[in-house]
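Here are my notes for someone opening this model for the first time. Have a look at the picture, then read the points in order.

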Amino acid sequence: HLQHRSAQMLWRKSLKPFLFVVLAILLFYFILCLYIAFVAVGKKKKRTRQSLEKILSNPSLSSEHEHARRYIERIETLENAVSKTLTVESFDGLKLKAYYAPCGKSTDTFVLLVHGYDSDAYTAFGSQIKFYKDLGYDVIVIDQRACGNSEGKYVTFAVNESRDVADWCHYIASEFKNCKNIVLHGISLGGASVLLSLDKQLPSEVKCVIDDCGFDSPEGILHHVLKKDYHLPSFIRKTAIIFCEILCKCRFRGVNTEDILKNTDLPVLFIHGALDTYVPYYMSEDNYKAAKNPFEFYTVADAHHANSFILDESGCFSAVKRLLEQALQN
């Protein structure tokens, strides 16, 4: 009996270090996954003219100079075009901001521009604003939640952003009495946001959609980026996505654009760079194939992520014009 009790005590003593190690590993694992989730969905730092000019004045950052100049040009474009700032309250109580750039003459068509991940209204668009204004359309460029001057702690990878897009559409339709047409134009995260908004109760004024390199699902893009850029194994990626859902208080898994595109009658123009590895080209291919009413899939052969309008401005705008001529016929 004494020998048995002694053996039990020895076993318990040897078990304690093992349990400590296991608990320490589990704690580290969950902290790591929570950190990954927080970095993925946390509020993005706003680019300012001052921060961009500091980059230009630093010779050691010469590789970033081209991007900094482009961002400054875009800031100036919107600053010169905006007549007032607009505000809506989201379904969860956030004050969201947008910037109204009128074309300067009477119009019944409004374009809602929706920026991408780690971006904002002032640094995402340049030539697009001028293009639509020259066509005689009023332009509204939004700051997505947790971006720019809009409130919010977390980017929800188009889940809640799509609801915000729907709210902006209703705002435009109600506040601008001359509005007969609304065009949705999103890039990257913004592209996914406008696509996911199509299963919301959009006003009848919404006539068409331009999706520039949008992803097909929150879960899909997170798996892709965490695997490609950080080489994380599947079990870590899955746990990190669960933590993303906990932080954002919404579900990422099971949300996808293909199911929505199968059921929308609105014409959709897809634009994507063939060399895009950040949001893979195949995601737009799959969206195009799934769409009930795809207008066109315009590919820019040598474009990386979000570079299609930069490398092939005339081709992209020609595709947009073809869509508008068909969709906005009265």
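The points below cover a helix pair, a group of aromatic rings and one histidine.

1. Ground rules. This is a predicted model, where local features need pLDDT of at least 70 and side-chain atom pairs count only at pLDDT 80 or more, while totals for chains, interfaces and linings use all residues. Residues are numbered from 1 along each chain as its sequence is written, and side-chain values use heavy atoms, with hydrogens and water left out.

2. H2 against H3. Helix H2 (residues 49–56) packs on helix H3 (residues 65–81) at about 150°, and their axes are 9 Å apart. Helices here are DSSP runs of H or I with at least four residues, strands are E runs of at least two, and both are numbered from the N terminus. The axes are lines fitted to C-alpha atoms, for helices over the stretch in contact, with angles running from 0 to 180 degrees between N-to-C directions. That angle makes H2 roughly antiparallel to H3 (over 145 degrees; under 35 is roughly parallel, 65 to 115 roughly perpendicular, the rest oblique).

3. Who touches whom. On the H2 side, the contact (heavy atoms within 4.5 Å) is made by Arg49, Leu52, Glu53, Ile55 and Leu56. H3 brings His65, Ala68, Arg69, Tyr71, Ile72, Ile75, Glu76 and Glu79.

4. The whole structure holds 17 aromatic pairs (Phe, Tyr or Trp rings, the six-membered one for Trp, with centres within 6.5 Å; planes under 30 degrees apart are stacked, over 60 edge-to-face, the rest tilted). One of them is Tyr29 with Phe235, stacked at 5.9 Å centre to centre and 25° between the planes. Tyr29 sits in helix H1 (residues 2–41) and Phe235 in helix H9 (residues 234–248), so this pair ties together parts 206 residues apart in sequence.

5. A second pair alongside. Phe30 and Phe243 have ring centres 6.2 Å apart and planes at 75°, so they are edge-to-face. This pair also links H1 to H9, across 213 residues. Tyr29, Phe30, Phe235 and Phe243 form one aromatic cluster. Tyr29 is buried at 18% relative accessible area and Phe243 is buried at 17%, whereas Phe30 is partly exposed at 39% (buried is under 20%, exposed over 50%, partly exposed in between, with a 1.4 Å probe and protein chains only).

6. One histidine to check. Is His272 buried or exposed? At 0% relative accessibility, His272 counts as buried. His272 belongs to strand E7 (residues 268–273). Leaving aside neighbours within four places in sequence, the contacts of His272 include Cys213, Tyr281, Phe297 and Ser308.
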